[in-house]
Amino acid sequence: AYRFIGLEDEGATDCSPADVQSLYQERFEAHGSMVRSLALAAGCEYRRVSTGESYLTTLGHFLVERTG
């Protein structure tokens, strides 16, 4: 385990990198679910995309789908 010390007087915590990864992924998924729910509730379309793919490719696929 490693000791992480907060930079703004949050204190210290001991955990492993795997613990940090697991908690980050849980919170990221929870945040994404909340954003998706809010978008759909507002009548918006929601699409999770990867920043590893060109936005032009992503937009192109989206527009092709919308035109049917």
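Buried means under 20% relative accessible area, exposed means over 50%, and partly exposed lies in between, with a 1.4 Å probe and protein chains only. By that scale Glu29 is partly exposed, at 41% relative accessible area. The legends below cover a predicted model, in which local features need pLDDT of at least 70, side-chain atom pairs count only at pLDDT 80 or more, and totals for chains, interfaces and linings use all residues. Residues are numbered from 1 along each chain as its sequence is written, and side-chain values use heavy atoms, with hydrogens and water left out.

**View 1. The salt bridge between Arg48 and Glu29.**
The closest N and O atoms of Arg48 and Glu29 are 3.2 Å apart. Arg48 sits in the loop between α1 and α2 and Glu29 in helix α1, so the bridge ties together parts that are 19 residues apart in sequence. Arg48 is exposed, at 52% relative accessible area. A salt bridge here is a side-chain nitrogen of Lys or Arg within 4 Å of a carboxyl oxygen of Asp or Glu. Helices (H or I, at least four residues) and strands (E, at least two) are DSSP runs, numbered from the N terminus.

**View 2. The salt bridge between Arg3 and Asp14.**
The structure holds four salt bridges. In the one between Arg3 and Asp14, the closest N and O atoms are 2.8 Å apart. Arg3 belongs to strand β1 and Asp14 to strand β2, so the pair ties together parts that are eleven residues apart in sequence. Arg3 is exposed, with 57% relative accessible area. Asp14 is partly exposed, at 46%.

**View 3. The salt bridge between Arg66 and Glu45.**
Here the closest N and O atoms are 3.7 Å apart. The pair links distant parts of the chain: Arg66 is in helix α2, Glu45 is in the loop between α1 and α2, and they are 21 residues apart. Both Arg66 and Glu45 are exposed.

**View 4. The largest pocket.**
Its volume is about 160 Å³. The lining consists of Phe28, Glu29, His31, Gly32, Ser33, Val35, Arg36, Tyr46, Arg48 and Val49. These residues divide into four nonpolar, three polar and three charged. Ala, Val, Leu, Ile, Met, Phe, Trp, Tyr, Cys and Pro count as nonpolar, Asp, Glu, Lys and Arg as charged, and the others, Gly among them, as polar. On a 1 Å grid over the protein atoms alone, a pocket is an open set of points with protein on both sides within 12 Å along at least five of seven lines; lining residues have an atom within 4 Å of a point. Grid points are joined across faces, edges and corners, and the volume is the space filled by probe spheres set on the points.

**View 5. A nonpolar surface patch.**
Met34, Val35, Leu38, Leu40 and Tyr46 form the patch, with about 430 Å² of accessible area together. Tyr46 is found in the loop between α1 (17-41) and α2 (55-67). Tyr46 is partly exposed, at 31% relative accessible area. Val35 lies in helix α1 and is partly exposed, at 32%. Patch residues have over 30% relative accessible area and no salt bridge, and nonpolar side chains (Val, Leu, Ile, Met, Phe, Trp, Tyr) are joined within 5 Å. Areas come from the Shrake-Rupley method with a 1.4 Å probe.

**View 6. The loop at Asp9.**
Asp9 lies between β1 (2-5) and β2 (12-15), in the loop. Its phi is near 60 degrees, a positive value in a residue other than glycine. Asp9 is exposed, at 80% relative accessibility.

How values were computed:
On a 1 Å grid over the protein atoms alone, a cavity is a set of points where a 1.4 Å probe fits but cannot get out, and a pocket is an open set with protein on both sides within 12 Å along at least five of seven lines; lining residues have an atom within 4 Å of a point. Patches are made of residues with over 30% relative accessible area and no salt bridge: like charges are joined within 9 Å, nonpolar side chains (Val, Leu, Ile, Met, Phe, Trp, Tyr) within 5 Å.
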